[in-house]
Amino acid sequence: MLKSALIHLTATQPVLILGPLGRPIQAWFLGLLCQVDGKLAAEMHQPNGVRPYTVSTLLDDRGYPLRANYRMETGQSCWLRITTFRQDISDILTKKLLYALPERLEIYKMPFRMDECTFNRFQHPWAGETSWQEIVNPANPLERETERNIRMMFSSPTAFREQGTDLPLPLPGCVFRSLYERWNAFAPAGLVLDSSWPNFARECVVVDEMTSVNTQRWSFAEGTHGVATGFMGTVGFQLLAQRRTREWADQWNGAACVLQTLARFAFFAGVGHHTTIGMGQARLLI
């Protein structure tokens, strides 16, 4: 199962948000994981490789990151989000962690009360749970469209590492390569995508909408990698008509379904780099 958990927090005293807090929240999550399975937690600490979870910074009720220097008063609420897309971590998240949460949580010396945790998408638009098969073949008929156009919301800065620097642009080749790599790393064997997909997406998928898209520079409140710049906003992607794909025409059939599938997967997997510390939070708009 793929899981997206939203944890509701309430400030127990006035606090000043000093910056994106994905790093201390990640440390808290891995600390909980270590209490349950130290070997698995050590694996998640490895610096290289694709990690099967994401962690947000603190979020407002709409799911957008709280900005640096934002002041929360006593009794004011916010959220944090954890997603998983590997079965063993999803099981631990559900059975061992989130239903045995402490009453209090301190994040970067800021005290909060933990009120509730939900996977229910009807309680919060960024919560949810599904299976790999349901991502490929969603039960909701509205999500089975094979149209060549999709729209995605990127609610936290999203960027890709290119030549040692941040590339804060919604380039189709970068977006769908990132999702392809996560998908193939953890999807069941029968659902693995062909290795040509990243090149196909680069050549045959284009941007056809950018609404309220801007770049934002994050100065992390903790950690050695101090800053990152990414794009946020709503981006539309279009699969070119088959007649315009030239040498890729033979691989066009079924590409719209893959495009839709990976866009749904982004809800759990995130997009780009630093998704384990709050960047790259994204979802398909229907």
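View 1. T234 is placed in strand β13, where strands (E, at least two residues) and helices (H or I, at least four) are DSSP runs numbered from the N terminus. The model is predicted: local features need pLDDT of at least 70, side-chain atom pairs count only at pLDDT 80 or more, and totals for chains, interfaces and linings use all residues. Residues are numbered from 1 along each chain as its sequence is written, and side-chain values use heavy atoms, with hydrogens and water left out. With a relative accessibility of 12%, T234 counts as buried; buried means under 20% relative accessible area, exposed over 50%, and partly exposed in between (1.4 Å probe, protein chains only). Neighbours within four places in sequence aside, T234 is in contact with R151, M152, M153, E209, M210, T211, V213 and L285, contact meaning heavy atoms within 4.5 Å.

**View 2. The largest nonpolar core, with F176 and W197.** A nonpolar core is a set of buried Ala, Val, Leu, Ile, Met, Phe, Trp, Tyr and Cys residues joined through side-chain atoms within 4.5 Å. The largest such core has 49 residues, of which F176 and W197 touch the most other members. At least two residues each are supplied by β1 (2-11), α4 (132-136), β9 (149-158), α5 (172-186), α6 (197-204), β13 (227-239), α7 (255-269) and β14 (282-285). Helix α7 provides the largest share, 11 residues. Beyond its neighbours within four places in sequence, W197 is in contact with F176, Y180, A255, V258, L259 and L262. Another core, of 37 residues, lies apart from the largest one and includes L9, M44, L58 and L93.

**View 3. R86 and L40.** R86 is located in the loop between β5 (77-84) and α3 (87-97). Residues up to four places away in sequence not counted, R86 touches L40, E43, M44, P52 and F186. L40 belongs to helix α2 (residues 38-44) and counts as buried at 5% relative accessibility. Apart from neighbours within four places in sequence, L40 is in contact with L33, R86, D88, I89 and I92. L40 and D88 are 48 residues apart in sequence, and their C-alpha atoms are 9.0 Å apart.

View 4. R161 forms a salt bridge with D166, with 2.8 Å between the closest N and O atoms. In this pair R161 is partly exposed, at a relative accessible area of 44%, whereas D166 counts as buried at 17% relative accessibility. The side chains of R177 and E162 meet in a salt bridge of 3.0 Å, N to O. This pair links distant parts of the chain, with R177 in helix α5 and E162 in strand β10 (residues 160-162), 15 residues apart. R177 is partly exposed at 29% relative accessible area, and E162 is partly exposed at 27%. A further salt bridge joins the side chains of E247 and R246 (4.0 Å, N to O). E247 is exposed, with a relative accessible area of 58%, and R246 is exposed, with 59%. Elsewhere, salt bridges that share partners join E43, R86 and D88 into one network.

View 5. The structure holds zero disulfides, a disulfide being a pair of cysteine sulfur atoms within 2.5 Å. The closest cysteine sulfur to that of C117 belongs to C78 and is 14 Å away, too far for a bond. C117 counts as buried at 18% relative accessibility. For C174, the closest cysteine sulfur is in C204, at 16 Å, which is too far for a bond. C174 is buried, with a relative accessible area of 8%.

**View 6. A nonpolar surface patch around L16.** L16, L18 and Y108 make a nonpolar surface patch of about 260 Å². Patches are made of residues with over 30% relative accessible area and no salt bridge; like charges are joined within 9 Å, and nonpolar side chains (Val, Leu, Ile, Met, Phe, Trp, Tyr) within 5 Å. Accessible areas come from the Shrake-Rupley method with a 1.4 Å probe, and for residues only the protein chains shown count as cover. L16 lies in strand β2 (residues 15-16) and counts as partly exposed at 37% relative accessibility.
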